[in-house]
Amino acid sequence: MQDTMKRFFDGDVWWSFKHNPLVIAAAITALICVLGAAFAPWLSPHNPFDLKTINLLDAFTPPAWVTNGKSQFVLGTDDQGRDVLSTIMHGSRITLLVGICAVMLSMLIGITLGLVSGYIGGKLDAFIMRVADIQLSFPAILIALLIDGVARVAVGKEYHDQIAVYVLIFAIAASGWVQYARTVRGSTLVERNKEYVQAARVIGRSPLAIMFSHVLPNVTGPVLVLATLHVGTAILTEATLSFLGVGVPPTQPSLGTLIRIGNDFLFSGEWWITVFPGIALVVLVLSINLLGDWLRDALNPKLR
Amino acid sequence: MTTPLLQVKNLRIEFPSRRGTLVAVDDISFEIAPGEVLGVVGESGAGKSLTGAAVIGLLEPPGRIASGEILLNGRRIDNLPFEEMRKVRGREIGAIFQDPLTSLNPLYTVGRQITETIETHLNVSKAEARDRAIKLLTETGIPAAEKRIDHYPHQFSGGMRQRVVISLALAAQPKLIIADEPTTALDVSIQAQIITLLKKLCREHGTSIMLVTHDMGVIAETADRVAVMYAGRIAEIGPVSEVIHNPQHPYTIGLMGAIPSVGDEVERLTQIDGAMPRLTAIPSGCAFNPRCTRVNDVPDGRCTRERPSLLPAGKTQAACWLHDKNTASVAGVSKETSHV
Amino acid sequence: MSDSKILLEVRDVAREFDVSKPWLNRMIEGQPEQILKAVDGISFTINRGETLSLVGESGCGKSTMARVICGLYKPSRGEVIFDGVDMAKVHGAELQNLRKRFQMIFQDPYASLNPRWRVGKIVAEPILSHNLITDPAALKKRVDELLTQVGLSPLDAEKFPHEFSGGQRQRISIARALSSNPEFLVCDEPTSALDVSVQAQILNLMKDLQRKFGLTYLFISHNLAVVSHISTRVGVMYLGRLVEVAETKRIFQRPLHPYTQMLQSAIPDLKMTGKQRTPVAGEVPNPLDPPTGCAFHPRCPYANERCKVERPSLIEHPDGGQVACHAVEEKRIPIRLAA
């Protein structure tokens, strides 16, 4: 482990990171967002979901630097008296949870299907790729909406609220696996013909063993970049669905929900309720995307 | 004594990298006379391809010529501005690379590529250019040239493609051709054809060739003189028959002994233990000293401290302290492992 | 396990590849099916302890032959018989048992080792796959022993392939091949990608190992000089067929088949003795569209009408070995000693 760490810090990737101030800034920003979200219950100035601490009289307080603002509510409060900063931190938590879990599930599905498709080939490959092609002709949001809608009807509203987050994760994962499958399939097709795979076949190892112990470690490189960029997309998808009202239930608001709630008050002058969650979302996704872009270039051997 | 066609003086090629500056070619000098074929032979990493690239001005950045001069017919070409060098390339220096597949543009007919070269460098009409192209193709042994001139590269086989590349190189009547591994990608029987063709054409047109390769056999058949490169330096340089039959540098001796030959019934090939040093770890003094079996025959450990310059050794020149006047009497260079 | 001298027998093996365009394209463009006969009816035997080389130019099918023997391709026809056992008739555990008795070494030192595995794991793979050693300490000892045998150090087991040079990687490949204590090694151009001095090291190593462990080699190469140095017997292939098989000395001193003679002439002459050369005519034809009869007849100075129609078979020759040539059979070729 120590050896790997040493090798990493000696390598080209770390060097490129150190010399790229924009990327360092993006990384720090992303880190702050993630840590703030992860430790929200301990770090946030108020608990926006504890009904005992919320006072309706505090509702619609503007941000602290505007007239009538209160210093205890730095970014103001919403229509129910909840501190906006705290809701953002808790909301980010849900957003990031859904985003990251969806990406991980998506990767699992996509990598497995891509690996199997590329290595075994033939009719199985053709079948999986046709399914992928068909899915690509639908917009991702539509697919997520579809899965979510079916779940609601199938399970009934009350139960659905309990499992909404899981359904959402599954829906976003199902809409995004194709890119992983295709990339991994392409790399697998290349690796399959290499002599180390032939050597393993001569030794007599089973196709399953070869796929997962030999080919898999060599095809996951580009996946890392895809996943980083996909986190941004997954987050936005979740936010969109929540904004539309078909995402997470209102008892666990995510950034998207917050934006929707605040939207109603935008034109009556209480701009901070929607704007600050919006900025939080943009900053989060932007920093992740910048990191993903840098990673793609840093890992590209031809650009080094 | 005629002016040499090409003079390379103290050429040094460096690669700046984040690990420091790497010296890929370290202060080499040689000449090519008009009409002569000079072989530049060496194993991978020796710097021979870089030398060829530097002469023709196609050194890929970040590699750069750090110092030294390259003169063509007495005129410096290593520091020419881009436009000037472009005129030199093609008109005075032609190139043949290893892979005929990528040397030709797959989207243009063979005829168009050759006539384009002719028109760019020589002042002739389109019709005249086409005639010359057909003549060239016929000279390089392509049957029915008037028809094949309008074919695309993919319609030729490997050996035929290399012949087209040779026509292309000769199109503007250059005085010097840089050939970098021109036969390595070809089958043995085609290799023989191409080598014979190259020799014949260059004799007829009076073109010199700088033939860069790792294949000693090709050098033996084609070159007049040969320079053996090791770790970016010239280890030995001299007439081909001398270097092959009477090598004077321990590396050349080892190399010749390592090459298997049909009909030789040796039990073991000569083995030079170790490998060519990486650019980041070139030994001080003579680059070959860690692998050299004669290193102790030179007094005072000179081999590890001082880099030898090319010294006269028999009928060739070898960069080896064994041939310094002070040591020569003690040890003569032994020929027991030479190839004959 | 039989006692006979013959370790491997190949009987009329052929391997075809369907390289036709997809059905839809063929329908629209009106193109016929295209079958590539990479190996077209080859028979030979390899005796225990000897080195048989298969030599030939690109497209002759020697690499395909190696892969058929190792089980990477199933033969389209014919049998591969290893130590008396027909490879096509064994499956499962019996096949695995047979598999540990032969191994393969590949041409490209950069692609033949998994870049993500450590060297120790690479070398140990055959051992673990065949359950030969289960105790971790004993396994480490064995891996160290193998690495030392090929001229590397036990410390190298912890490193990754990219930390080694081409020659060293081939040594690792050889160590891996030896780990299951095989009797038979198929070597597909193992030194073609290496520098001359490194090639010498690897060839010497292979000879030493052969002597030490009584190995049998099938050596594939396009380099006649290397082949002459390392082989007991040589088989010359052309367009998927075997044209001549004989002891090394005989084949190089008295090549009988016109193609072998041409190959001989084409070898660059390091000794520069100025020997007479027959200029080699033409190029290897497209394997998708091989000539009728004897595949070599378009380039052969001795071809007659029979050669264009009838494919010659391998016939024993009084000088030793076998030759597939009508002109040789009919004694139409003047005997010429190579220099």
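Student: Which residues in α2(C) are buried?
Tutor: In this predicted model, the buried residues of α2(C) are C:Lys62, C:Thr64, C:Met65, C:Ala66, C:Arg67, C:Val68 and C:Ile69. Buried means under 20% relative accessible area, exposed over 50%, and partly exposed in between, with a 1.4 Å probe and protein chains only. Helices are DSSP runs of H or I with at least four residues, strands are E runs of at least two, and both are numbered from the N terminus.

Student: Why is helix α2 of chain C largely enclosed?
Tutor: Seven of the eight residues of this helix (residues 62-69) are buried, so the rest of the structure largely encloses it. Just after α2(C), C:Gly71 has a positive phi of about 90°.

Student: What ground rules apply to the numbers?
Tutor: Residues count from 1 along each chain as its sequence is written, and chains are lettered from A and ligands numbered from 1 in the order in which they are written. The model is predicted, so local features need pLDDT of at least 70 and side-chain atom pairs count only at pLDDT 80 or more, while totals for chains, interfaces and linings use all residues; side-chain values use heavy atoms, with hydrogens and water left out.

Student: What does chain C average in pLDDT?
Tutor: Chain C averages 89, and 95% of the residues score at least 70. pLDDT is the predictor's confidence in each residue, from 0 to 100. The model scores are ipTM 0.87 and pTM 0.84.

Student: Next, chain C against chain B. How many residues does each give to the contact?
Tutor: Chain C gives 40 residues and chain B gives 44, with contact meaning heavy atoms within 4.5 Å.

Student: And what area is buried between chain C and chain B?
Tutor: About 3400 Å², with carbon and sulfur atoms giving 52% of it. Buried area is the accessible area (1.4 Å probe) that two parts lose on being put together, summed over both. Of the area that chain C buries against chain B, C:Leu270, C:Lys271 and C:Glu283 supply 21%, more than any other three residues.

Student: How many salt bridges are there between those two chains?
Tutor: Three. A salt bridge is a side-chain nitrogen of Lys or Arg within 4 Å of a carboxyl oxygen of Asp or Glu. One joins the side chains of C:Lys207 and B:Glu267, at 3.9 Å from N to O.

Student: Which elements give two or more residues to chain C's side?
Tutor: They are α7 (196-213), α8 (224-230), α9 (248-253) and α10 (258-266) of chain C. The largest share, eleven residues, comes from α7(C).

Student: New topic. Where is A:Val116?
Tutor: A:Val116 is in helix α5 (residues 84-120) of chain A. A:Val116 is buried, with a relative accessible area of 18%. Not counting residues up to four places away in sequence, A:Val116 touches A:Gly121, A:Leu124 and A:Met211.

Student: How far apart are A:Val116 and A:Ala59?
Tutor: They are 57 residues apart in sequence and 56 Å apart in space, C-alpha to C-alpha.

Student: How many helices and strands does chain A have?
Tutor: Chain A has 13 helices and zero strands. The C-alpha trace of chain A spans about 75 × 50 × 30 Å along its principal axes. Of the 304 residues in chain A, 45% are buried.
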